[in-house]
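Let's take a walk through a structure together. Have a look at it first, and then we'll go piece by piece.

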Amino acid sequence: MTHEVVLELLNVEAAYGPVRALRGVSLQVRQGRIATVLGSNGAGKTTILRTISGIVDPRKGSVIYKGQDITARDPAWIVRQGLVHVPEGREVFPLLSVRENLLMGAYTRSDRDAVARDMEQVYAYFPILKERAGQDAGLLSGGQQQMLAISRALMARPVLMLLDEPSLGLSPLLTREIFEIIVRINRERGTTILLVEQNANMALNAADDGYVLENGRIVMEDTCAALREKEDIKEFYLGMKDAGVRGERRWKKRKTWR
Amino acid sequence: MSSKRDGKGGAGEVLLSVRNLGVVFGGLRAVDDVSFDVRRGEVFTLIGPNGAGKTTVFNLISRIYQPGSGEIRYQAEGGEVLLTAQPPHKVAALGIARTFQNIELFEHASVLRNLLIGHHTHRESHFWGELLFTPATRRAERRAREAVERIIDFLELQKYRDLMVSGLPYGVRKVVELGRALCARPDLLLLDEPSSGLNVEETDDMAFWIHDIVRELGITVLMVEHDMRLVSRVSDRVLALNQGQVLVSGTPTQVQASAAVVEAYLGSAEDVVSLRRPA
């Protein structure tokens with residue numbers, strides 16, 4: 001089965017002042033699939049998402065979306081093309097109600113009837129949001145805010161959704177539930193997803209294709225099924241041993257990416 | 001990172017005692033008749049679903065909220081104090097430091113500056129000395145800087161020392177916040193989800209740091225955490241909360257085996273295989 005490439009990064013380099021965050025990243029996200037990027041803190045995962053959604057302008061390289069060069073375009077324009085970003089730490093509008101937050105997600109749309117239908121569909125994914133529709137988003141628990149952030153993105157009818165650490169601060173049960181919904185959104189709506197996540201165990205099972213990012217460079221790419229079997233992935237990202245990845249060993253093993 | 005803090009009361013003595021604590025927010029019983037003791041020298045962990053009241057307990061201890069009922073007692077250096085009768089700004093001086101779930105650092109200051117602020121409760125200089133920058137003040141500044149540098153070494157933050165907090169990745173900010181709390185040289189450290197945003201390898205570092213904080217720095221740790229692997233690895237005792245109430249407490253193994261905890265908190269979290277796309 002072949003899948004059309006929806007998003008492609010070609011040798012993207014990005015920096016914050018003197019700090020080089022991405023040192024030539026190339027990756028592909030294929031239509032209808034879930035792709036994930038693994039990597040430690042500071043590897044550049046969030047920067048990849050920011051570069052795609054136009055928040056960070058790359059120094060070099062290009063971002064191709066549906067065959068069109070969208071490098072360094074205006075973020076608002078990029079959203080209107082169906083490319084929507086769910087930021088790390090949720091960033092809901094705390095003083096707006098749940099319903100108003102959802103309507104903000106649909107800001108770029110003028111088809112009111114379809115917006116109303118999408119709102120019902122979002123409430124079907126997360127019934128708690130319907131219960132809390134009139135409440136200020138700032139009063140929701142962390143898990144509910146994450147649900148709202150994902151729902152707000154859905155209200156824009158995304159072709160491609162960028163998800164930055166959806167499990168942050170969530171209980172094991174809630175993390176599992178959020179991932180179940182992410183997978184459902186992908187299967188039922190055909191939404192393509194690019195996912196950044198520290199919970200590698202969840203990410204490598206929910207996603208189809210995976211990339212490992214280190215110090216701003218992609219060091220490994222494969223299907224998630226293949227990545228799950230690699231020794232380095234098991235050791236550094238899945239932490240297969242009960243005593244933690246390193247046991248009582250405090251020094252870090254050098255990663256060789258066999 | 002000097003010696004163990006002996007002579008400040010023996011290990012095992014109750015350091016923090018929470019009795020029948022309760023608080024109501026607009027009709028919602030966020031914390032409902034919660035009691036527990038934290039003993040000196042242990043790692044005591046609160047677990048529970050999102051919205052169970054864990055962070056609210058932290059906010060009651062650090063006096064951000066006023067409880068509706070119950071009390072908190074704390075063994076300070078000078079003797080027992082009724083913590084719930086203390087003003088919020090006294091809490092740090094009593095030897096209690098904390099980190100926040102959503103990270104509350106000074107975003108537009110360097111890592112070093114943020115850590116120096118953590119050391120503020122221990123400043124030795126005074127207004128006139130500061131104004132004239134006397135030799136005594138200079139010595140005090142140097143000592144403060146040395147104390148902060150020890151924390152930087154301990155948490156391996158050297159390469160971030162002069163960087164602005166706002167540009168740092170989430171997981172690094174998490175560690176900076178821990179550093180700021182340690183700079184206050186607390187007796188009791190409250191950690192709110194120390195591993196969130198960290199990958200498994202970085203979580204291992206956190207586990208080692210927590211070990212060292214307890215064993216080498218002699219600090220007692222009260223923690224809220226979701227990563228059960230970290231919880232079982234470092235905790236002496238665990239208390240599970242649900243909807244503001246105590247569900248069960250005991251050793252990490254006992255709590256994880258409890259049917260109520262599995263139902264309310266862990267669920268089918270281990271089942272990740274069913275997420276995969278059918279071939």
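Which residues of H7(A) are buried? They are Pro172(A), Leu173(A), Leu174(A), Thr175(A), Arg176(A), Ile178(A), Phe179(A), Ile182(A), Ile185(A) and Asn186(A). Keep in mind that what you're looking at is a predicted model.

Now check the length of that helix. H7(A) covers residues 172-189, and at 1.5 Å a residue its 18 residues should span 26 Å. The C-alpha atoms at its ends are 26 Å apart, so expectation and model agree.

How far can you trust the model? Its scores are ipTM 0.80 and pTM 0.85. Chain B has an average pLDDT of 90, and 96% of its residues score at least 70. Residues 1-7 of chain B are another story: their pLDDT is below 50, and this stretch has 7 contacts beyond near neighbours in sequence.

Next, find a hairpin in chain B. Asn242(B) sits opposite Gln245(B). There are 2 residues between the strands, and Gln243(B) in the turn has a positive phi of about 50 degrees.

Finally, see where the chains meet: 34 residues of chain B are in contact with 38 residues of chain A. On the chain B side, the elements giving two or more residues are helices H5(B), H6(B), H7(B) and H9(B). H6(B) gives the most, with 6 residues. That side of chain B divides into 15 nonpolar, 11 polar and 8 charged residues.

Technical notes: Residues are numbered from 1 along each chain as its sequence is written. Chains are lettered from A and ligands numbered from 1 in the order in which they are written. This is a predicted model: local features need pLDDT of at least 70, side-chain atom pairs count only at pLDDT 80 or more; totals for chains, interfaces and linings use all residues. Helices (H or I, at least four residues) and strands (E, at least two) are DSSP runs, numbered from the N terminus. The expected span of a helix is 1.5 Å times one less than its number of residues. A residue is buried if 20 or more other C-beta atoms lie within 10 Å of its own, exposed if 12 or fewer, and partly exposed in between; C-beta atoms are placed from the backbone. pLDDT is the predictor's confidence in each residue, from 0 to 100. Two residues are in contact if their C-beta atoms, placed from the backbone, lie within 7 Å. Two strands pair if DSSP finds at least two bridges between them. Ala, Val, Leu, Ile, Met, Phe, Trp, Tyr, Cys and Pro count as nonpolar, Asp, Glu, Lys and Arg as charged, and the others, Gly among them, as polar.
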